[in-house]
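Colleague: Please show the structure to be discussed. A few questions on it will follow.

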Amino acid sequence: MEGTKEDVSYIRARDPSIRYFNRDLIKNARKNIGLLMSDTMCADDSVELECDKEYGFVEDNCTPVYLRIKGGQNNSNDYTIKENLLICRMPEQVSTSRAAKNKSVTHKKYCFTKIFGPDSKQIEIFDNVVKFRVLEFINGKNKSLFTYGASGAGKTFTIIGTAQEPGLVPRALEYLFRTLPKLPVIASVKPMPDGNVKRLNLSDRKSEMELRKNILQAQKGVAREQIIKTYSTMQARLSNDPVAVMETDDPISLGIWVSFAEIYNEEIYDLLQPTSSHGKQAPKLKIGMANGKVYIKDLTYINVSNGLEAYQVFIYGIQKIKYAETTKNNHSSRSHSIFCIKIAQALDNGDGVHVSSFSFCDLAGVERTKKTLNVGDRLKESNSINKSLMVLGRCIAALRHSQKCPNLNQMIPFRDSKLTQLFQKAFCGLEDLCMVVNINISKDMLEESHNVLNFSVMTREVTIPTNSETKCSDLKQRPELENTESLDEQIDKLEQLLKDTKRMYENSKEQRIQNCESEERDIITGYEDLFEANKNIYDCKSEALEKDYAMKYSMNKVDTYYNEK
Ligand SMILES: Nc1ncnc2c1ncn2[C@@H]1O[C@H](COP(=O)(O)OP(=O)(O)OP(=O)(O)O)[C@@H](O)[C@H]1O
């Protein structure tokens, strides 16, 4: 079949959201009319024919998903990078089952917002992913950044980093405080869960100062000196880096507050809550809702007035995160951790107040129990990690589906895990969300990486509403997002609703069974009647035939008799 330019544009026009090209057609078109293909369309001719379509290639408004490939691994020929495109060999089981359907598909192409190769440095990721977001955050936008990947793929390294190579959070803190004007020792405004700002009186400010002092003084001796040295080294290294400087003509009160929480075995814990000396278990926190905003009840927020203080508080929290040794990582996070920076801004004339937040969420790694051979506590942790990541996957899939088919009125299962419940606004595209996906290109991680890549393109294909107001109503939101009832009350209501719905369903099911049964009975009776009627006809027919035969026989006999006579 001879290809033409029209052929190519026809294929492109048929489904503009996913670029699916008929390879033969394109090759012919290229050969015949010398059409130039861009690199992203055909990254590598040698694998071109074995590749499936490109995944995650949505033109506009897609969720930003960055890929970071772990450094220090043996070069693997399973992956090829071409700008923002990754070509990955499919693991055996997947490729054979696909190959059965699609002859020789052995590779898959994934498209990302940007790919950071194995040699990329922490600063590169920060400059490309976080820097401009910090400025937007100062300008009042809410931001969330997630790291996602298999265990040991480099998520924590990306977010926290090491003393020599600080990660995204320490860099963001440093950048934030270099951009902001000099702040007072203790802030006069504090963000509230409902998005409002509380003006602090003298005694409030004293107790906030006390709380911060307790945390900063918890780090003692050499450890404390080491933290200060690490931060100063980073500061000195970054001091030549240009920053935007915030300028405002209006007299404004600013307060920077940080919180640190972890979701461990589906329970939320406060990482900035001083440890009890009586060996009591840390309290489990609940989720609340105020003014349509989901938040963690009683979570500690610490006011910080400079980068070093913020970094010290961050390290205090890190030291309380639950880590353990597994076969995949000797310092594996056993929980999802959420570090949140909030800016409370209030005009001094009492007019305008504003709160914005930047959340950094280091997700625990996807784990394959078969490979990790986890038992006991590790197994319980990995089950709960996998379950919450599965819910995250289901929410993303449902969101993508509901955007593609808005008439289906699909329910997004945000309530099925704490993580998705807390970030539902960001997942719906009502707040800026971006994801850094980490993969390990070593051969034995091919299957895990393949699953992670599939998840990441699904996330990328969730489009960000251009007009949040209208698009939000397109999504099937549960009613609780709009009202201000407490979450417990809403759960009770929803449970009641579920019970009622179930009862209605059961009733209607019973009715339907009864209807069916009576219909079935009618049909059977009908068949029996029909059978009876048929039988009668048959009997009559047989009788008639018999009689006919007997008559003919007798007639025959009579004829023979007369003939003989
Ligand atoms: N890009 C990189 N360059 C060098 N070393 C890295 C890189 N990424 C990760 N590492 C190292 O690999 C090890 C595992 O990384 P890390 O703890 O960040 O994995 P993780 O994805 O957070 O795993 P888990 O989900 O189990 O917590 C660490 O020792 C880390 O220093």
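Predicted model: local features only at pLDDT ≥ 70, side-chain atom pairs only at ≥ 80, totals over all residues.

**Helix span, burial and confidence**

Colleague: How many residues of α15 are buried?

Modeller: A residue is buried if 20 or more other C-beta atoms, placed from the backbone, lie within 10 Å of its own, exposed if 12 or fewer, and partly exposed in between. Among the buried residues of α15 are L446, H450, L453, V457 and R460. The helix is mostly covered, the buried count being 11 of its 15 residues.

Colleague: Which residues touch the most other members of the largest nonpolar core?

Modeller: Such a core is a set of buried Ala, Val, Leu, Ile, Met, Phe, Trp, Tyr and Cys residues joined through C-beta atoms within 7 Å. Helix α12 (residues 376–404) supplies eight residues, the largest share of this core. Of its 103 residues, those touching the most other members are V169, V258, V313, C395 and V437.

Colleague: Leaving aside neighbours within four places in sequence, with which residues is C395 in contact?

Modeller: Contact means that the C-beta atoms of two residues, placed from the backbone, lie within 7 Å. With neighbours within four places set aside, the partners of C395 are I412, P413, F414, T420 and F427.

Colleague: Is C405 buried or exposed?

Modeller: C405 lies in the loop between α12 and α13 (418–422). Because C405 has 10 C-beta neighbours inside 10 Å, it counts as exposed.

Colleague: Which element gives the most residues to the shell around the ligand?

Modeller: Of the 18 residues around the ligand, G71, G154, T156, S332 and G365 come nearest. The elements giving two or more residues to this shell are α6 (155–159) and β16 (332–333). With three residues, the element that gives the most is α6.

Colleague: Where is N265, a residue with a positive phi although it is not a glycine?

Modeller: The phi of N265 is about 45°. N265 counts as partly exposed because 17 C-beta neighbours lie inside 10 Å. Its place is in the loop between β10 (252–264) and β11 (267–270).

Colleague: What is the phi of D298, which is not a glycine?

Modeller: D298 is found in the loop between β13 (293–296) and β14. It counts as partly exposed, because it has 13 C-beta neighbours inside 10 Å. Its phi is positive, at about 60°.

Colleague: Where in the protein chain is confidence lowest?

Modeller: Confidence in each residue is given by the predictor as pLDDT, from 0 to 100. The protein chain averages 76, and 70% of the residues score at least 70. The highest mean, 97, belongs to strand β14 (residues 302–304), whereas the lowest, 32, belongs to helix α1 (residues 5–14).

Methods. Residues numbered from 1 in each chain as written. Near = placed C-beta within 6 Å. Helix = DSSP H or I, 4+ residues; strand = E, 2+ residues; numbered from the N terminus.
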